[in-house]
Amino acid sequence: MKRKIAVYGKGGMSKNLMQRISGKWKDSFEPCGLYMLEEDIPETGIMGIRELKNKIAAGQIHALLLPPLGKEIADIIEKHQMYFECPLFYAEPRVWYGTDEEMHIRLIDYERPWLSVFEYHVNDHCNMNCRGCGHCSNLYEEPSFTSLEVYERDIKRIRELYDGVSLIRLLGGEPLMNPELYRFLYLTRDIFPEAQLHIVTNGILLLDMPDVLLNSIRNTGTVVDISVYPPMVPKMGQFRCFLEEKDIDYHISIADKFYRKFLPEGNGCKEEAFANCFSSENHLLSDGKLASCAMPFAIDKLNMIYGLGICESGWIEINDCNLDGFELNRRLKTPTGLCKYCSSKLEMYQWEQSVKENRSLDDWIYHEGHYDRQ
Ligand code: SF4
Ligand code: SF4
């Protein structure tokens with residue numbers, strides 16, 4: 001039976017899905033317009049919740065379809081479960097990068113939740129060594145690669161816990177320093193066909209990527225996110241030309257400011273820090289553990305180098321058999337004991353490189369009254 005289907009959103013991907021439904025997919029679906037999760041959207045041609053509910057009740061719409069819109073998809077799915085009872089479908093990223101004629105549409109299973117995002121260090125060390133790196137990569141003096149086998153074990157567990165993952169970011173350290181990065185990409189795409197897959201790089205090795213890596217990036221529809229630090233600004237034009245010529249999707253952002261927020265005495269208010277924290281939505285997966293942010297995995301380096309003695313905690317053991325994805329999501333949205341080591345405000349400073357001789361704990365410590373950003 002042909003389903004009458006409405007598409008979520010108003011951007012390019014949503015409009016592109018509408019075109020596919022009217023064209024290549026017309027044997028399976030009939031397009032019924034775009035909608036948003038707002039009560040009413042008068043005079044835009046986009047349906048709001050009220051209109052959509054009425055049309056579903058009248059049998060004029062049978063199903064809803066989501067494009068891959070990054071990490072917010074997890075929350076959008078939760079809201080759909082609250083508002084509507086009709087089937088919800090999701091268009092996987094390979095609709096756009098794939099070459100086959102399949103539709104790559106999956107039915108959302110409300111029995112398990114979605115995870116908004118996880119990040120993963122394919123190595124901990126870096127070739128940029130920024131002062132006050134939020135992942136403490138500048139404190140690694142020796143190469144520190146993570147194991148593909150451990151990663152595979154952990155992502156298979158994530159697959160069991162969740163119906164889907166919206167966004168996966170492979171980073172470091174500098175991920176292009178890992179000669180196995182292409183294997184991480186293929187494995188990730190194999191296990192999570194639904195995820196938007198990104199690598200995050202400082203660009204130093206970008207123009208020297210070997211063919212095996214370039215092919216894996218293209219074949220897995222990976223997006224390359226380049227954080228351009230001041231030494232690499234003159235190369236930005238080359239990055240663009242290179243990636244466009246290789247037919248690789250990318251985002252470039254300038255990173256010339258860093259911030260300090262660490263309170264080594266642990267005298268902050270954890271609730272306030274968490275409520276104001278934008279890192280809390282960048283969940284990090286590491287060796288059987290998942291945390292809201294990178295801090296629980298960075299603190300051991302600060303302890304070791306600066307003799308701090310802070311209790312290493314703040315993660316969730318993903319193999320705990322009493323946990324399901326719903327409980328994991330609840331805990332990821334809850335402050336931990338480690339949050340009292342963060343200020344709710346940020347002290348901004350100009351980006352600098354650091355070497356062993358000039359780095360200090362002060363590179364991370366928040367000072368009241370300096371250049372603050374709430
Ligand atoms: S490039 Fe990124 S990972 Fe490397 S030191 Fe700078 S902030 Fe840290
Ligand atoms: S420890 Fe808490 S407040 Fe600090 S970065 Fe992580 S989530 Fe944010």
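User: Let's start with ligand 2: which of the 13 residues around ligand 2 come nearest?

Analyst: Cys277, Ser280, Cys293, Cys339 and Cys342 come nearest, out of 13 residues around ligand 2. A residue counts as near a molecule if its C-beta atom, placed from the backbone, lies within 6 Å of it. One caution: this is a predicted model, where local features need pLDDT of at least 70 and side-chain atom pairs count only at pLDDT 80 or more, while totals for chains, interfaces and linings use all residues. Residues are numbered from 1 along each chain as its sequence is written, and chains are lettered from A and ligands numbered from 1 in the order in which they are written.

User: How many residues of each class are in the shell around ligand 2?

Analyst: Classes first: Ala, Val, Leu, Ile, Met, Phe, Trp, Tyr, Cys and Pro count as nonpolar, Asp, Glu, Lys and Arg as charged, and the others, Gly among them, as polar. The ligand 2 shell has nine nonpolar, four polar and no charged residues. Around ligand 1, the shell has four nonpolar, seven polar and one charged. Residues around ligand 1 include Cys126, Cys130, Cys133, His135 and Glu174.

User: What domains is the protein divided into?

Analyst: Domain bounds come from an automatic or database domain assignment. Here they give domain 1 (3-107) and domain 2 (114-373), with C-alpha centres 32 Å apart. Their contact takes 13 residues from domain 1 and 11 residues from domain 2; two residues are in contact if their C-beta atoms, placed from the backbone, lie within 7 Å. Helix H3 (73-83) gives the largest share of the domain 1 side, four residues. Helices (H or I, at least four residues) and strands (E, at least two) are DSSP runs, numbered from the N terminus.

User: Which residues have the most contacts inside the largest nonpolar core?

Analyst: In soluble globular proteins, nonpolar side chains tend to be buried together. A nonpolar core is a set of buried Ala, Val, Leu, Ile, Met, Phe, Trp, Tyr and Cys residues joined through C-beta atoms within 7 Å. The largest one has 88 residues, and Ala6, Leu65, Phe118, Val165 and Ile168 have the most contacts inside it. Beyond four places in sequence, Ala6 contacts Cys32, Met47 and Ile61, among others.

User: Is Lys289 buried, exposed or partly exposed, and why?

Analyst: A residue is buried with 20 or more other C-beta atoms within 10 Å of its own, exposed with 12 or fewer, and partly exposed in between; C-beta atoms are placed from the backbone. Lys289 is partly exposed because 16 lie within 10 Å. Lys289 sits in strand S13 (residues 289-291).
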